[in-house]
Amino acid sequence: MGGAFTAVADDATATWWNPAGLASGAYLSMLVEYGRTTDRDETHRGLALAFPALGLGYYRMTVSEMQPASSTGTPNASRQDPGTAGVRSVDVSQFGATVGQSIGGRFVVATTLKLLRAMGDSHGGLDVGAMAVFGVARVGAIVRNVSEPTFGSGDEALTLRRQVRVGASVTTLARSSFGGATLAIDADMRRVAGPEGDERRIAGGAEVWTPRRILGFRAGISGSTVGESRVSAGGGASVTLRPGLSADLQATGGSDRSRRGWGAGFRVTF
């Protein structure tokens with residue numbers, strides 16, 4: 001959905017997208033996912049387990065950003081990208097535990113306490129999410145990396161910048177003729193580092209399901225509102241293999257090289 005998921009996620013994916021989404025999810029949700037970028041050959045792996053009041057997740061991802069100049073005026077090289085001069089890539093592992101609290105019948109606040117490891121360093125971290133539900137409409141927000149943990153030191157230091165993202169979605173109820181549809185929009189409130197320089201993204205996407213939710217199709221587009229035009233567009237599908245078990249596939253293209261790639265996952269929901 002182009003990354004427009006902050007106000008949509010309500011299963012195990014919420015441990016990443018917005019921890020407050022767990023409150024409206026199924027009794028039990030499990031997720032295994034894998035993704036790879038084609039131009040940069042970076043991978044993403046995820047494993048998450050979620051209940052309405054508790055989520056556990058492990059993610060291993062590659063963080064790439066424009067390489068800052070060292071004190072000698074040359075690019076640093078934690079792991080130099082062979083295809084793009086001045087870009088470094090660092091593998092980051094994240095273990096997280098999510099808990100939430102309902103406030104009234106419409107509002108939820110949740111946090112994910114994280115243990116992050118990169119460049120031989122380990123640090124604690126925190127994500128905070130919020131979700132408000134008004135019938136078929138949802139409004140969500142997440143603040144990632146609240147404490148902005150820093151790995152390494154000196155010219156080689158990598159700081160995971162605080163990210164603030166908001167989103168809204170509208171979901172139609174399922175009918176006999178189709179299984180429901182969702183429209184969503186997301187926007188970053190702060191600049192974040194990327195392999196082609198700082199970016200602040202806005203995204204929009206849609207999802208529609210066939211009757212009995214056997215097949216789901218989704219698509220979306222996103223772009224940066226700062227710097228050069230960097231647009232990515234993606235699409236995906238889900239198929240219900242048996243009640244409670246589904247498989248997901250997605251592919252992304254566009255002028256933003258850092259996001260071209262594909263991904264696959266399996267979800268169990270009860």
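Student: Leaving aside neighbours within four places in sequence, which residues is Val92 in contact with?

Tutor: Val92 is in contact with Tyr59, Arg60, Met61, Val63, Leu116, Arg117 and Ala118. Contact here means heavy atoms within 4.5 Å. Before we go on: this is a predicted model, where local features need pLDDT of at least 70, side-chain atom pairs count only at pLDDT 80 or more, and totals for chains, interfaces and linings use all residues. Residues are numbered from 1 along each chain as its sequence is written, and side-chain values use heavy atoms, with hydrogens and water left out.

Student: OK. How many residues are in the largest nonpolar core, and which have the most contacts inside it?

Tutor: There are 23 residues in that core, and Val92 and Leu160 have the most contacts inside it. A nonpolar core is a set of buried Ala, Val, Leu, Ile, Met, Phe, Trp, Tyr and Cys residues joined through side-chain atoms within 4.5 Å. Buried means under 20% relative accessible area, exposed means over 50%, and partly exposed is in between (1.4 Å probe, protein chains only).

Student: Which strands each supply at least two residues of this core?

Tutor: β2 (43-51), β3 (54-66), β4 (87-103) and β5 (107-118) each do that. Of these, β3 gives the most, with 3 residues. Strands (E, at least two residues) are DSSP runs, numbered from the N terminus, and so are helices (H or I, at least four). There's also a second, separate core of 5 residues, which includes Ala7, Val108, Ala110 and Met131.

Student: Switching topic: how many salt bridges are there?

Tutor: The count comes to 18. A salt bridge is a side-chain nitrogen of Lys or Arg within 4 Å of a carboxyl oxygen of Asp or Glu. One of them joins the side chains of Asp41 and Arg36, at 2.3 Å from N to O.

Student: Is Asp41 buried or exposed?

Tutor: Asp41 is exposed, because its relative accessible area is 55%. Arg36 has 26% relative accessibility, so Arg36 counts as partly exposed.

Student: Which residues are linked in a network of salt bridges?

Tutor: Glu199, Arg201, Arg230, Asp256 and Arg259 are. Within that group, the Glu199 and Arg201 side chains meet at 3.4 Å, N to O, and both of those residues are buried. Asp256 and Arg259 pair up too, at 3.3 Å, N to O.

Student: And why does Asp256 count as buried?

Tutor: Asp256 is buried because its relative accessibility is 1%. Arg259 comes out at 30%, so Arg259 is partly exposed.

Student: Which side chain does Ser222 join in a polar contact?

Tutor: The side chain of Arg201, at 3.0 Å. A polar contact is a pair of N or O atoms within 3.5 Å; within protein, one must be able to donate a hydrogen and the other to accept it, and residues adjacent in sequence count only if both atoms are side-chain atoms. Ser222 is found in strand β13 (residues 215-224), and at 5% relative accessibility Ser222 counts as buried.

Student: Last one: where is Glu207 found?

Tutor: Glu207 is in strand β12 (residues 201-209). Its relative accessibility is 13%, so Glu207 counts as buried. The Glu207 side chain makes a polar contact with the side chain of Arg218, at 2.8 Å. Not counting residues up to four places away in sequence, Glu207 also touches others, including Met1, Gly180 and Phe217.
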